[in-house]
Amino acid sequence: MSDHVDGPRTMADPSIDLTDIFAFTSPENPDNTVVVVNLFPGAGQTAWFSNAAYYSAKLKRVRIDGTGKNAAFSTVGNEICFRFKFNRLERNPEDGSVAQYGICLLPNGVSLDVRVGDTKGSSTRDGKIRVYAGLRSDPFFIGWYNEPILKGGSNLTQDDNVLALVVEFNTKSLLNPERGSLFGVIGESSPVDKTPNLNSIPRFDWAGRPELANYLITIPGDVNLLDLWNQQTPYNVSPQVLPLFRDRLRKHFQIWDMKDGKRDWSEEDLNANVSVFLNDFLLIDVSKKTTDHSNLEIEKSLINGSQHKTGGGRTLDCDAVDILLTWMINRDNGPFLQSPATQATKKSGNKFPYLAAPNTTLLTIEESVELRISETQLWDIVGNFAKSWNPLVIQANVAGTGSVIIRVMTLSDGNLVVERLLAADNANKTLKYELVSGMPVSTLIGELKVLPALGGSKLVWGVHYLPAGKGEIFVAQALRAWINAGLSGLSKITGIDK
């Protein structure tokens, strides 16, 4: 189910973690349909696609089998699949730049060559299919904190990037909508395994409707079912596990229904809602136009026993979380639940590849500790760039003079961290440095400030950075661990445990 960081397996390797799926009418050409598959939550500036995974965007025709309390639908026919496969990185011997190439295997068996990051994309000769792959601003936004009372806040994915796969195609020539215009859309990552064995897994992750894993599959304190769900076959979940997931969804729908203190879902309608959402794919009617507000309109109409009026789907600027929560909590009978986060970091564009350019805003982490020593005593410790007081460092060596002073630190795990001194202001007791290497960032500027505090002094340690390679979530965890280890070590050597 669509979600950032959805399960232990994808947390271990964010390059296989599908964060979102989108399907919408092309704003550039209404005769075309666009499918977007995003992955790698919080992707850094140098994030790349895995060469050990297939990434697929799939569509399958859907048939409505019942409405109202008997709401149900099923898929028919063959999957229509766009499958991406990427190579290892290639370095240009002339300028040292790095690039990644791959292919997209089209439904008709033809392959398109793909250069990661090329915003022009790759097209078939007749121009009816165009694809793109590369780093873009994350179009997802969410401003709710579920703890256990629903609280609104800032966008939890502000300034984040993702790796995006964009497929645009002529709707009529590929989908033959006269045979049925309703389709289920999913994204999938699966292993490139030339020698399958009993221990191999069928897939890493798959994504359908937005953000259902966190809201409907995951229950704090209960058994984590996400890896089990992610290995199910899209469009054909195993009958053996369906009762397990049906029970989990039912429990969660009941919890959400009572978030506003009143019951809006009857038992019959709640069961219908569970049945509909268990078929986890993004529904789009390609004969109708999609809008920023049409997400889930097909599912809602099915359960309400009425005809859908829009194309459903999900646009890049869709307020999908608020639409979902309003439906689950008050069944659209009450106010629309609008969080303070009303849009993503950047709005999408109306030209291919539609997702906004990657974010380059520096992210910030700041921690502090108060100590029972004077400001001068504290500055004598932290203002000496030739030494390190971080307990993770077992050896520090300094080289250079004047404007170029480099510190090389050997960590307890054997890794090296290299920093360059930018400025040391004895009068104001501040030190600025730049990370050269050793952490998963493309840029990092750090600053140490010694300030007065009641009973002694205070050290404020802040870093401004851009993630590289690993996702922002994991980079932030690593940086906080590094800073807090240093502050704890400082507390111990000055006689106070932090």
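These legends describe close-up views of a predicted model.

**View 1. The tilted ring pair of Tyr-235 and Phe-281.** A pair of aromatic rings is described by the distance of the centres and the angle of the planes. The whole structure holds 14 aromatic pairs. In the pair shown here, the ring centres of Tyr-235 and Phe-281 are 5.5 Å apart and the planes stand at 40°, so the pair is tilted. The two residues come from distant parts of the chain, 46 residues apart. Tyr-235 belongs to the loop between helix H4 (226-230) and helix H5 (242-257), and Phe-281 to the loop between helix H6 (267-278) and strand E16 (282-285). Tyr-235 and Phe-281 are buried.

**View 2. The edge-to-face ring pair of Phe-253 and Phe-277.** The centres of these two rings are 5.5 Å apart, and their planes meet at 70°, so the pair of Phe-253 and Phe-277 is edge-to-face. Phe-253 is part of helix H5 and Phe-277 is part of helix H6, so the pair ties together parts that are 24 residues apart in sequence. Phe-253 and Phe-277 are both buried.

**View 3. An aromatic cluster, and two arginines over phenylalanine rings.** Phe-49, Tyr-55, Phe-84 and Phe-86 form a cluster linked by ring pairs. Elsewhere, charged ends sit over rings. That of Arg-130 is over the ring of Phe-352, at 4.0 Å from the ring centre. That of Arg-407 is over the ring of Phe-385, at 4.1 Å from the ring centre.

View 4. Strands of a sheet pair through backbone hydrogen bonds, either parallel or antiparallel. The five strands here follow the order E1-E2-E13-E10-E9, with antiparallel pairing, and the sheet is open. At its edges stand strand E1 (18-25) and strand E9 (122-123). Each of these has a single partner strand, so one side of each is left without a neighbour in the sheet. Between E1 and strand E2 (residues 32-39) there are seven bridges, in the antiparallel sense. Phe-24 has Val-34 in E2 as its bridge partner.

**View 5. The surroundings of Arg-203.** Arg-203 is located in the loop between strand E14 (182-191) and strand E15 (205-207). With a relative accessibility of 9%, Arg-203 counts as buried. The side chain of Arg-203 reaches two backbone oxygens: that of Gln-231 at 3.0 Å, and that of Gln-232, which lies 3.1 Å from a polar atom of the side chain. Apart from neighbours within four places in sequence, the residues in contact with Arg-203 include Glu-188, Ser-189, Ser-190 and Pro-191.

**View 6. Cysteines without a disulfide.** A disulfide is a covalent bond between the sulfur atoms of two cysteines. The structure has zero disulfides. For Cys-104, the closest cysteine sulfur is in Cys-81, at 8.3 Å, which is too far for a bond; the cut-off for a disulfide is 2.5 Å between sulfur atoms. Cys-104 counts as buried, at 0% relative accessibility. Cys-318 also counts as buried, at 4% relative accessibility.

**View 7. Ala-320 in helix H8.** Ala-320 is a residue of helix H8 (residues 320-330). Its relative accessibility is 4%, so Ala-320 counts as buried. Leaving out neighbours within four places in sequence, Ala-320 is in contact with Pro-210, Asn-295 and Arg-314. Pro-358 is 38 residues from Ala-320 in sequence, and the C-alpha atoms of the two residues are 21 Å apart in space.

View 8. Most residues other than glycine have a negative phi, and most peptide bonds are trans. The peptide bond from Phe-352 to Pro-353 is cis, and its omega is near 5°. Pro-353 is in the loop between H8 and strand E17 (363-371). Phe-40 has a positive phi, near 65°, and is a residue other than glycine. Phe-40 is placed in the loop between E2 and strand E3 (53-66) and is buried, with a relative accessible area of 4%. Arg-331 is not a glycine either, and its phi is positive at about 55°. Arg-331 is in the loop between H8 and E17. With a relative accessible area of 14%, Arg-331 is buried.

Conventions
Residues numbered from 1 in each chain as written. Predicted model: local features only at pLDDT ≥ 70, side-chain atom pairs only at ≥ 80, totals over all residues. Heavy atoms only, no water. Phe/Tyr/Trp six-rings, centres within 6.5 Å; stacked < 30°, edge-to-face > 60°. Helix = DSSP H or I, 4+ residues; strand = E, 2+ residues; numbered from the N terminus. Buried < 20%, exposed > 50% of the residue type's maximum accessible area, 1.4 Å probe, protein only. Lys NZ or Arg CZ within 6 Å of the ring centre and 35° of its normal. Pairing = 2+ DSSP bridges. Polar contact = N/O pair within 3.5 Å; in protein donor to acceptor, adjacent residues only side chain to side chain. Contact = heavy atoms within 4.5 Å.
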